[in-house]
Amino acid sequence: TVILAIATFTAFRSGGDEVVQLRPGTTLPQSEYAPADIARQAAAEVEGERLPDAEYTLFDGGTAELTTDGRPLVINFWTSWCTPCITEMPAFDEVYRANRDQMDMLGLQVQEAAEPGRDMLERTGVTYPVGRDVDGDLIRALGGVNLPTTVFVTAEGTIAEVHSGPLTASELQDLIDEHLLT
């Protein structure tokens with residue numbers, strides 16, 4: 001058993017590849033956790049489709065329906081340990097405040113206990129509505145494979161684009177202008 005364990009360890013350590021340990025607060029470049037072509041393929045499978053009938057969990061434990069209510073909607077998936085997620089939240093809030101009379105925004109914490117999410121929301125001070133994707137079902141249903149993932153949904157409920165990776169305020173506004181406010 002010991003020899004098998006050593007051989008297995010050696011096999012996985014050989015080849016000069018660096019062993020990467022993931023800890024809360026660290027992230028990997030996109031190519032190391034889901035290659036861009038996989039993220040693009042997952043997004044392409046849902047773009048042009050209708051927003052699914054689904055619910056998400058509220059931070060108080062209740063649930064809410066995922067809907068556009070006849071207005072364009074931006075959905076941003078995040079976790080408290082995802083550095084790019086935290087970095088982009090103030091930009092998302094800025095864009096939300098500038099456009100809230102024309103569109104809605106929803107932030108969804110993915111597969112994480114509520115308390116770290118509450119702490120992050122308090123630290124970032126976001127004002128847009130937030131909830132939780134407790135099991136990760138929504139992010140998968142909407143073509144997300146990486147964090148952060150942002151989904152742009154038209155007023156009619158059609159998924160216009162799924163963006164994998166962080167966005168600046170100007171990049172987010174450009175995508176909103178292109179897909180939702182035309």
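## A guided tour of the predicted model

Select Arg140 to begin: with a relative accessibility of 47%, Arg140 counts as partly exposed, a class that lies between buried (under 20% relative accessible area) and exposed (over 50%), computed with a 1.4 Å probe on protein chains only. The model is predicted, so local features need pLDDT of at least 70 and side-chain atom pairs count only at pLDDT 80 or more, while totals for chains, interfaces and linings use all residues. Residues are numbered from 1 along each chain as its sequence is written, and side-chain values use heavy atoms, with hydrogens and water left out.

**Salt bridges**

Helices here are DSSP runs of H or I with at least four residues, strands are runs of E with at least two, and both are numbered from the N terminus. Asp137 is partly exposed as well, at a relative accessible area of 45%.

Next, select Arg118 and Glu115, whose side chains meet in a salt bridge at 3.3 Å, N to O. Being three residues apart in helix α5 (residues 114-124), they are separated by about one helical turn. Arg118 is partly exposed at 35% relative accessibility, and Glu115 is partly exposed at 44%.

Then move to Arg40 and Glu47, where the salt bridge has an N to O distance of 2.6 Å. Arg40 counts as partly exposed, at 41% relative accessibility. By the rule given above, the count comes to five salt bridges.

**Pro116**

Return to helix α5 and select Pro116, which is found there. Pro116 is partly exposed, with 29% relative accessibility. Which residues does Pro116 touch, not counting residues up to four places away in sequence? They are Ser80 and Gln109, where contact means heavy atoms within 4.5 Å.

**Thr68**

Now select Thr68, in the loop between β2 (63-65) and β3 (73-78). Is Thr68 buried or exposed? At 8% relative accessibility, Thr68 counts as buried. Leaving aside neighbours within four places in sequence, Thr68 is in contact with Leu51, Leu73, Asp104, Val153, Thr154, Ala155 and Gly157.

**Helices α4 and α7**

Select residues 83-99 (α4) and residues 169-179 (α7), which pack at an angle of about 45° with their axes 8 Å apart. Axes are lines fitted to C-alpha atoms, for helices over the stretch in contact, and angles run from 0 to 180 degrees between N-to-C directions. The pair is therefore oblique, the class left when angles under 35 degrees (roughly parallel), over 145 (roughly antiparallel) and 65 to 115 (roughly perpendicular) are set aside. To inspect the contact, show Ala91, Phe92, Glu94, Val95 and Asn99 in α4, which meet Ala169, Leu172, Gln173 and Ile176 in α7.

**The whole chain**

Finally, display the complete protein chain, which has seven helices and seven strands. Along the sequence, the chain follows the pattern α-α-α-β-β-β-α-β-α-β-α-β-β-α. Of its 182 residues, 43% count as buried.

How values were computed:
A salt bridge is a side-chain nitrogen of Lys or Arg within 4 Å of a carboxyl oxygen of Asp or Glu.
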